[in-house]
Amino acid sequence: MLRVLPMLAYLALVVYALVDVVQSDEEDGGGIQKGFWILIILLLPFAGSIAWIVVSRRARANRRPAPRTGYPAGPVPAARYPGRRRTWETDAPSADPDDDPEMRWLMEQARLKREREQAAQDPSRPVQDDGQGAAG
């Protein structure tokens with residue numbers, strides 16, 4: 001078993017270096033293309049693997065990391081929800097308020113409120129109810 005262990009460690013080092021070369025960025029090679037690194041690792045397995053690990057780690061350490069934004073790197077930005085625009089709040093109001101369904105509803109509610117207030121003051125006058133119940 002002790003004879004096999006150094007061979008397995010050697011094989012693991014070579015496989016790790018090859019997989020790391022294939023998955024790395026072009027900038028990690030220290031100016032040498034990926035294909036040449038693969039050849040170096042295959043032809044000089046121990047020295048090539050160690051060389052790749054040293055060169056790629058230095059290149060990754062020298063590369064400036066991208067700035068992290070958002071949680072958890074920084075404060076959570078405020079949510080930006082679109083505000084609800086009502087038809088009477090728009091910049092260009094409609095020419096006729098009767099064309100606006102929200103304005104018609106508001107006018108109808110105001111009319112019903114006036115009728116209820118008048119009925120409360122004058123109990124002999126009947127109130128016309130639209131069947132929707134009391135609106136508040």
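In this predicted model, helix α3 has 18 residues and reaches 26 Å from its first C-alpha to its last, close to the 26 Å expected at 1.5 Å a residue. The buried residues of α3 are G48, S49, W52, S56 and A59. Around the axis they cover an arc of only 110°, which puts them on the same side of α3. F46, R58, A61 and N62, on the other side of α3, are exposed. The cover over the buried residues of α3 includes α1 and α2.

Helix α1 was examined in the same way. At 1.5 Å a residue, its 20 residues should span 28 Å, and the end C-alpha atoms of α1 are 28 Å apart, which agrees. Within α1, L13, V14, A17, D20 and V21 are buried. Viewed down the axis of α1, these buried residues fall within an arc of 135°, so they line one face of the helix. On the other side of α1, the exposed residues are L5, M7, V22 and Q23. Helices α2 (34–43) and α3 are among the elements that cover the buried residues of α1.

The confidence of the prediction is as follows. The average pLDDT of the chain is 78, and 67% of the residues score at least 70. Confidence is highest in helix α1 (residues 4–23), at a mean of 90, and lowest in helix α3 (residues 45–62), at 87. Where pLDDT is low, predicted coordinates should not be read in detail.

Definitions and conventions. Residues numbered from 1 in each chain as written. Predicted model: local features only at pLDDT ≥ 70, side-chain atom pairs only at ≥ 80, totals over all residues. Heavy atoms only, no water. pLDDT = per-residue confidence, 0-100. Helix = DSSP H or I, 4+ residues; strand = E, 2+ residues; numbered from the N terminus. Expected span 1.5 Å × (residues − 1). Buried < 20%, exposed > 50% of the residue type's maximum accessible area, 1.4 Å probe, protein only. Arc of directions from axis to C-beta. Contact = heavy atoms within 4.5 Å.
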